[in-house]
Amino acid sequence: MLGHCHSTEMHTCQAHVLIPEKLNLGPYCVSESTATQPPGPTPTGHAAPVTPCVHLAPASASASATATSYRLMAVIHHLGGNATCGHYVTDKATDITSHGEGEGISREWTRYDDATVSGRSAADVYGRKAQQTAYMLLYEREA
């Protein structure tokens, strides 16, 4: 991820950052009944405590399991040696539904690099090199 890496100059940190395909934010959420107030200034002008997320009561047990589950949908990469220059590209997932025999959903990854669009493998998206260039991970709530 882009960062200082303990230097006097801003540069791209080459540390490996794990890119999880799925995230479960349940342990970081509070129930609606325990959420006290929205984030922001209090009447005294001091900042109110920030609640990471509010877990709204799901309609069913299966909805409860997925209410805080998210799946990776895109990775924005910064390609370059320092934070003041370089190039950004995006890897985006698309779910493909197949019909007939072997029916199901598969995922395809596509890289968008200015005017160039190309297919990517999961290894390209999650692999060791991607772990060094990931700038932003974008997730969507699972249905």
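Leu138 sits in strand β10, and in this predicted model the residue is partly exposed, with a relative accessible area of 34%. That value falls between the two cut-offs, since buried means under 20% and exposed means over 50%. Leu138 also belongs to a nonpolar patch on the surface, together with Tyr88, Tyr135 and Met136. Taken together, the patch has about 330 Å² of accessible area. Strand β10, which runs over residues 134–141, gives the most to this patch, with three residues.

Now for the inside of the protein. The largest nonpolar core is made up of 10 residues: Ile19, Leu72, Met73, Val75, Ala93, Trp109, Val125, Tyr126, Ala130 and Ala134. Two elements, β6 (69–82) and α2 (122–126), each give two or more residues to this core. Of these, β6 has the largest share, at three residues. Ala93, one of the core residues, touches Leu72, Met73, Arg107, Glu108 and Trp109 once its neighbours within four places in sequence are left aside.

Then there is Asp91, found in strand β7 (residues 85–98). Its relative accessible area is 0%, so Asp91 counts as buried. The side chain of Asp91 is joined to that of Arg111 by a polar contact of 2.8 Å. Sequence neighbours within four places aside, Asp91 is in contact with Met73, Ala74, Val75, His77, Trp109, Thr110, Arg111, Arg120 and Val125. Several names on that list turn up in the nonpolar core too, among them Met73, Val75, Trp109 and Val125.

How values were computed:
Residues numbered from 1 in each chain as written. Predicted model: local features only at pLDDT ≥ 70, side-chain atom pairs only at ≥ 80, totals over all residues. Heavy atoms only, no water. Core = buried A, V, L, I, M, F, W, Y, C linked by side-chain atoms within 4.5 Å. Buried < 20%, exposed > 50% of the residue type's maximum accessible area, 1.4 Å probe, protein only. Helix = DSSP H or I, 4+ residues; strand = E, 2+ residues; numbered from the N terminus. Contact = heavy atoms within 4.5 Å. Patch = residues over 30% accessible without salt bridge, like charges linked within 9 Å, V, L, I, M, F, W, Y side chains within 5 Å. Areas by Shrake-Rupley, 256 points an atom, 1.4 Å probe, with all protein chains shown as cover. Salt bridge = Lys/Arg side-chain N within 4 Å of Asp/Glu carboxyl O. Polar contact = N/O pair within 3.5 Å; in protein donor to acceptor, adjacent residues only side chain to side chain.
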